[in-house]
Amino acid sequence: MAPPPLLLDAPLRPPAAGGPLQRQLLHRLKQSILDGGLPPGARLPASRELAAQLGVSRNTVLIVYDHLAAEGYVLADRQGTRVAQLAAPPGTGPSCPAAAGSDSPAPRMAARVARLSPPFAAGESGLPLRPGTPALARFPAAAWRRSLERALRAAPAATLGYGPPAGEPALRAAVAAHLGVSRGVRCTPDQVVITDGAQEAINLCVRLLADPGETGWIENPGYRGARSAFRAADLRVVPVPVDAEGLAADPALWRDAPPRLIYTSPSHQYPTGAVLSAARRLDLIARATAREAWIIEDDYDSEFRHHGEPIAAMQGMVPDAPVLYVGTFSKTLFPALRLGFAVLPPAIARQAEAALGELLRGGHRHAQLALADFIDSGQFARHLGRMRRLYRQRQHALRAALSAHLAVEHEVLGGHGGLHLTLRLPARHPDQEIARAAQRLGMAPAPLSAFAQEDGTADNGLVLGYGNTPAERIDALVKQLAELIQRR
C-alpha cells in the first residue's frame with residue numbers, strides 16, 4: 001500500500017518560513033498517520049526516494065524515520081518502513097463529525113468542579129477599589145532586594161533542591177516570633193508550616209483533619225475559597241450566618257449539624273468586617289472542644305487595625321485551644337510572593353509531621369530565606385507601621401467620599417481595620433450589574449452578593465478595596481460609582 005501522492009508531491013517550506021526541514025517532515029508524517037491519511041500497514045517510500053522527491057538530504061529522511069520508529073508510529077524491517085497499527089484517537093479521522101466542524105460533547109468533569117465556579121469575574125488586580133490588594137507601589141522593593149541578595153549569598157547550593165516540607169526553619173522561627181508579639185499567638189516554630197499562600201494552608205488543614213462526608217461550617221457571606229476547600233474534600237458544607245458580632249451559630253445547629261471543621265475570620269470577618277465578640281469566641285472554643293471539632297482561624301489582614309489596640313487572635317485566648325491559625329503575606333507584603341502559613345496545635349503538629357512530606361513539597365526556598373531576613377532585620381515591622389498609617393488615611397478618604405456623594409439609602413460595614421469597606425445597598429440597586437458597569441469604567445469593586453455561600457441568602461451591595469487606591473483618587477472614583485448606583 002503506497003502513501004497518497006499528495007504527501008510526496010507537496011514541497012516543504014523554506015526553513016526561514018516553516019522551520020527546520022526535519023521538523024516539518026516529521027510533523028507532516030506524524031499528522032498523516034494520526035489523521036488516517038497513512039493507514040496502518042501503509043509502506044513509506046525508501047529514504048533515498050522520498051529525499052529526492054522532497055528535495056532534502058537523505059540523512060534528513062533517515063533521522064525522521066528513526067524518530068517515528070522510536071515513538072512507535074512506524075515499524076522497520078527488511079521489507080521497508082510501514083505504519084504501525086495504532087488505536088484511532090477520539091475525534092480524529094476524516095469521517096469523524098468533530099473533524100467536520102460539528103459540536104462534540106463536553107467532557108465529563110468531576111461534580112465538584114461545577115460547584116467551584118465563581119459567581120462573578122473579578123477585575124484586574126491593579127484596578128482601583130478592588131478588594132484584597134495591598135498598596136503595591138508602596139512596597140519597599142529596595143529593602144526586599146537586599147534581603148534576597150543576602151539570602152542568595154549565604155545559602156549553600158543545596159537550597160536549589162527541594163526544601164523541608166514544613167518550610168525553612170529560619171522562616172518558621174521568624175513567623176512564630178512575630179505572631180507571638182503582634183497577634184498573641186501561642187506557638188513554637190515546630191507548629192508553623194509554610195505554605196503557598198493562605199488557600200493552601202486552608203486546604204492543608206482540611207486534608208489533615210476531615211474525611212469525606214463530614215461536616216464543615218463556613219461563614220455566610222464569606223470567603224469562597226474556604227467553601228472551595230471544603231467541597232474539594234467532599235465535606236458537607238453548612239453556611240452559618242454572620243451578624244454584627246461575627247459568626248452566629250444557633251445552638252440548635254450544634255445538635256442538628258455538628259461540625260468537624262469550622263472556618264471563621266474572627267478578627268475582621270470577610271467581607272462584612274465584623275469582629276467576633278469575646279463571648280462568642282470563648283463559646284465557640286468550648287463547644288468545639290466538647291464536640292472534638294476544629295476551628296480554622298483565618299487572620300488574613302488583621303495586622304491593619306486603624307482604631308484602638310490590635311484585636312488578638314482567637315488561637316491565643318486559652319491554652320490548648322482547638323484552633324488552627326492561618327495567615328498570609330499576600331496582604332501584608334504582595335500577592336505574587338505566594339507565601340502563607342498555618343500554625344497547628346502541638347498534638348496535630350506532631351502527628352502531621354510524617355504526612356507533610358506526602359502533602360507538601362518544600363519550595364521557594366530563597367524567597368523564604370529572604371522573608372526570614374526581612375522579618376528579623378525589622379523591615380517587616382517598619383513596613384507594617386507605614387502601611388497602617390497609609391491604609392488609615394485611605395479608609396478615612398473612602399468614608400468621607402461615600403458620605404459626600406452617595407445619596408441613596410446605604411449602610412457602611414467594615415469596622416476600623418483591613419483593606420476594604422463593605423457597602424450594603426437596597427435590592428433595587430443590583431450589585432452585580434453595578435460592578436460590571438464599574439469595571440467598564442476602570443474600577444473593580446466586588447458585588448457583595450458574590451460572597452453568598454448558598455442560594456437565597458445573598459446580601460446586596462459592594463465590597464470596596466482601598467488598599468491599592470491612592471487617597472487623592474478616591475473622591476473622584478466614588479463620585480463616579482455613586483452616579484452608577486443612582487442610575488440603577
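Where in this predicted model is the place of Thr 332?

**View 1. Thr 332 and its surroundings.** Thr 332 sits in the loop between strand 10 (323-328) and strand 11 (340-343). Its relative accessibility is 3%, so Thr 332 counts as buried, the cut-off being under 20%. Leaving aside residues up to four places away in sequence, Thr 332 touches Glu 303, Phe 304, Phe 380, His 383 and Leu 384.

**View 2. Domain 2 against domain 3.** The chain is divided into domain 1 (21-83), domain 2 (140-381) and domain 3 (384-487). The centres of domain 2 and domain 3, taken over C-alpha atoms, are 27 Å apart. Contacts join 27 residues of domain 2 to 27 residues of domain 3. Between them, domain 2 and domain 3 bury about 2400 Å², with 53% of it on carbon and sulfur atoms. In domain 2, the most area is lost to domain 3 by Pro 271, Phe 304 and His 306, together 29% of what that side buries.

View 3. One salt bridge is counted between domain 2 and domain 3. A salt bridge also pairs the side chains of Arg 388 and Glu 303, at 3.5 Å from N to O. On the side of domain 2 that touches domain 3, the elements giving two or more residues are strand 5 (215-220), helix 10 (224-232) and helix 15 (379-405). Strand 5 supplies the largest share, three residues. The residues of this side divide into eleven nonpolar, nine polar and seven charged.

**View 4. The salt bridge of Arg 365 and Glu 168.** The structure holds ten salt bridges. In the one between Arg 365 and Glu 168, the closest N and O atoms are 2.6 Å apart. Arg 365 lies in helix 14 (residues 365-376) and Glu 168 in the loop between helix 7 (141-154) and helix 8 (169-182), so the pair ties together parts 197 residues apart in sequence. Both Arg 365 and Glu 168 are buried.

View 5. Asp 243 and Arg 280 meet through their side chains in a salt bridge (2.7 Å, N to O). Asp 243 belongs to strand 6 (residues 236-243) and Arg 280 to helix 12 (residues 278-291), so the pair ties together parts 37 residues apart in sequence. Asp 243 is partly exposed at 33% relative accessibility, and Arg 280 is partly exposed at 22%. Arg 287 and Asp 283 form a salt bridge at 3.0 Å, N to O. They are four residues apart in helix 12, so about one helical turn separates them.

How values were computed
Residues are numbered from 1 along each chain as its sequence is written. This is a predicted model: local features need pLDDT of at least 70, side-chain atom pairs count only at pLDDT 80 or more; totals for chains, interfaces and linings use all residues. Side-chain values use heavy atoms; hydrogens and water are left out. Buried means under 20% relative accessible area, exposed over 50%, partly exposed in between (1.4 Å probe, protein chains only). Contact means heavy atoms within 4.5 Å. Domain bounds come from an automatic or database domain assignment. Buried area is the accessible area (1.4 Å probe) that two parts lose on being put together, summed over both. A salt bridge is a side-chain nitrogen of Lys or Arg within 4 Å of a carboxyl oxygen of Asp or Glu. Ala, Val, Leu, Ile, Met, Phe, Trp, Tyr, Cys and Pro count as nonpolar, Asp, Glu, Lys and Arg as charged, and the others, Gly among them, as polar.
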